[in-house]
Amino acid sequence: MSETVPAAPGLLTHAAVMTGRSLRISRRNLDAVLTAMTLPVMMMLVFVYFFGGAIETGTAYDSYVMYVVPGVLLLCVGFGSANTAMAVSEDMKGGVIDRFRTLDVGGTPVLAGHVLASTVRNLVSTTLVFGVALAIGFRPAATPGGWFALAGVLLAYVVALSWFAAALGLLARSPEAAGGFTFFMSFLPYPSSAFVPVDSMPGWLHGFADHQPVTPAIESLRGLLLDRPVGGAPWIALAWAAGILAVAIGLSGVLFRLRTR
């Protein structure tokens, strides 16, 4: 009588296991996770209470906190991505990838685990930012459909930037270098409409500020949160996210093969 051989775990099973592993690692590195989660909140408080009274955003906003929250949400993603890059770099440096390969776990599940864990961390960070924003006067007016669209845009950017950070983690030769490589993702919200209107910036900066990946996402989140017209901004934002994700997946595949051959 022939014995039935159990099926090998699939890609989704491996990704789920790797996600649990990444979350356990985050729990052990609680100081880094807390820093990434609380730093955007501190930035929001600094801008609202230290600079908000001096920043002109136009008469359409009752207070500066109503303007700045969408930018802080994207800032969360940038700060959170640094942890993802460093975690991937640590895996490559520590040799654990070789052990995974002997267990028939490929690069895609390992990277997907880091990305999904980053998504969970960003959800917690976003909830924290929303809670503090509500406490200091933020009053969203989004419709049910607006909340759904907002979640879609934000989730798309979390996944895209997290996977791009994972690719940077493969490129870096040390966790410290990986954290440095992700600096530009944390910097992108500043030359955008996150904290001040683009029109208030020097003229030579307008072209970049208007046509970089973060600006359409921020304009989408701001319009959806306040129930104002957004035009084609959400579609532009999703197109940017899809492009970043495609490049990140392709780049990470090439880099993983080069680092593990």
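Mentor: Ring pairs join Phe 47, Phe 183, Phe 187, Tyr 190 and Phe 195 into a cluster; rings of Phe, Tyr and Trp (its six-membered ring) pair if their centres lie within 6.5 Å. The model is predicted, so local features need pLDDT of at least 70 and side-chain atom pairs pLDDT 80 or more, while totals for chains, interfaces and linings use all residues. Residues are numbered from 1 along each chain as its sequence is written, and side-chain values use heavy atoms, without hydrogens and water.

Trainee: Why is the pair of Phe 183 and Phe 187 called stacked?

Mentor: Planes under 30 degrees apart count as stacked, over 60 as edge-to-face and the rest as tilted. The centres of Phe 183 and Phe 187 are 6.0 Å apart and their planes lie at 25°, so the pair is stacked.

Trainee: What makes the pair of Phe 187 and Tyr 190 tilted?

Mentor: The planes of Phe 187 and Tyr 190 are at 35°, with 6.2 Å centre to centre.

Trainee: Why does Phe 183 count as exposed?

Mentor: Exposed means over 50% relative accessible area, buried under 20%, and partly exposed in between (1.4 Å probe, protein chains only). Phe 183 has 53%, so Phe 183 is exposed. Phe 187, at 41%, is partly exposed, as is Tyr 190 at 29%.

Trainee: Why are α5 and α6 called oblique to each other?

Mentor: Angles under 35 degrees count as roughly parallel, over 145 as roughly antiparallel, 65 to 115 as roughly perpendicular and the rest as oblique. Helix α5 (residues 107-135) and helix α6 (residues 144-171) pack at about 135°, and are therefore oblique.

Methods. Axes are lines fitted to C-alpha atoms, for helices over the stretch in contact, and angles run from 0 to 180 degrees between N-to-C directions. Helices (H or I, at least four residues) and strands (E, at least two) are DSSP runs, numbered from the N terminus.
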